[in-house]
Amino acid sequence: PVDRIVYTAMLTDRGTFVSDLTVVRTGDESFSVITAAAQTAHDLDWLERQAHVRGSRVAIDDVSTASGVLGLMGPRSRDLLQTLTETDLSNDAFSFGTARRIDVAGHTVLAARITYVGELGWELHIPGDRTTAIFDALAVAGAPHGLSLAGTTAQNSLRMEKGYVSWGHDVSFDDTPLE
């Protein structure tokens, strides 16, 4: 359904991995495909080749350089984010696997209720020119909640702990989802 998220795999015709990614259905006929920064060119090329081979009539736009993503994760992430938005972030109103446009600190973002670490949280997909302002607002609002910054090494460790796979690290062209 529109506004739902699926973490999934792109597979070859043999059933082996091409990539792992997140897909958000943003409209009746539109989707946002989110992949690792190191995978952008690889995944874009694969999608374009598959569309061509299959004769699909789709438009594929790479918007990577026009946006930023901030991950807000952890047991207090809802409390922190709620201080910066009027959107109801309760479980009933904004369930796991949901994405929608919300205002955060006066800026519209695509908030995706999913994380790559298995904890409560959101990925905030932000127009590039507003990323710094939202980061600053999160930092100020986060101080009373014990917000701390964590890098990709911490995220990688947590995703491994939860059993989330990463293409190129845990799975490759030679592996299938069953493996």
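This is a predicted model: local features need pLDDT of at least 70, side-chain atom pairs count only at pLDDT 80 or more; totals for chains, interfaces and linings use all residues.
Close-up 1. On the buried side, have a look at T131, I134, A137, L138, A141 and G142, which are buried in α3. These residues cover an arc of only 130° around the axis, which puts them on the same side of α3. A handy reminder: an α-helix has 3.6 residues a turn, so residues three or four places apart point the same way.

**Close-up 2. The span of α3, end to end.** Helix α3 comprises twelve residues, 131–142.

**Close-up 3. What covers the buried residues of α3.** The cover includes the strands β4 (67–73), β5 (99–104), β6 (107–112) and β7 (121–127). Helix α2 (77–82) is also part of this cover.

**Close-up 4. The largest nonpolar core.** Here you can find a core of 18 residues, in which L81, L124 and L138 have the most contacts. At least two residues of this core come from each of β4, α2, β5, β6, β7 and α3. Helix α3 gives the most, with four residues.

**Close-up 5. L124 and its contacts.** Leaving aside residues up to four places away in sequence, L124 touches G68, V69, L70, L81, V109, L110, A111 and L138. Elsewhere, a second, separate core has seven residues, among them V24, A99, A112 and I114.

Methods
Residues are numbered from 1 along each chain as its sequence is written. Side-chain values use heavy atoms; hydrogens and water are left out. The expected span of a helix is 1.5 Å times one less than its number of residues. Buried means under 20% relative accessible area, exposed over 50%, partly exposed in between (1.4 Å probe, protein chains only). The arc is that of the directions from the helix axis to the C-beta atoms. Contact means heavy atoms within 4.5 Å. A nonpolar core is a set of buried Ala, Val, Leu, Ile, Met, Phe, Trp, Tyr and Cys residues joined through side-chain atoms within 4.5 Å.
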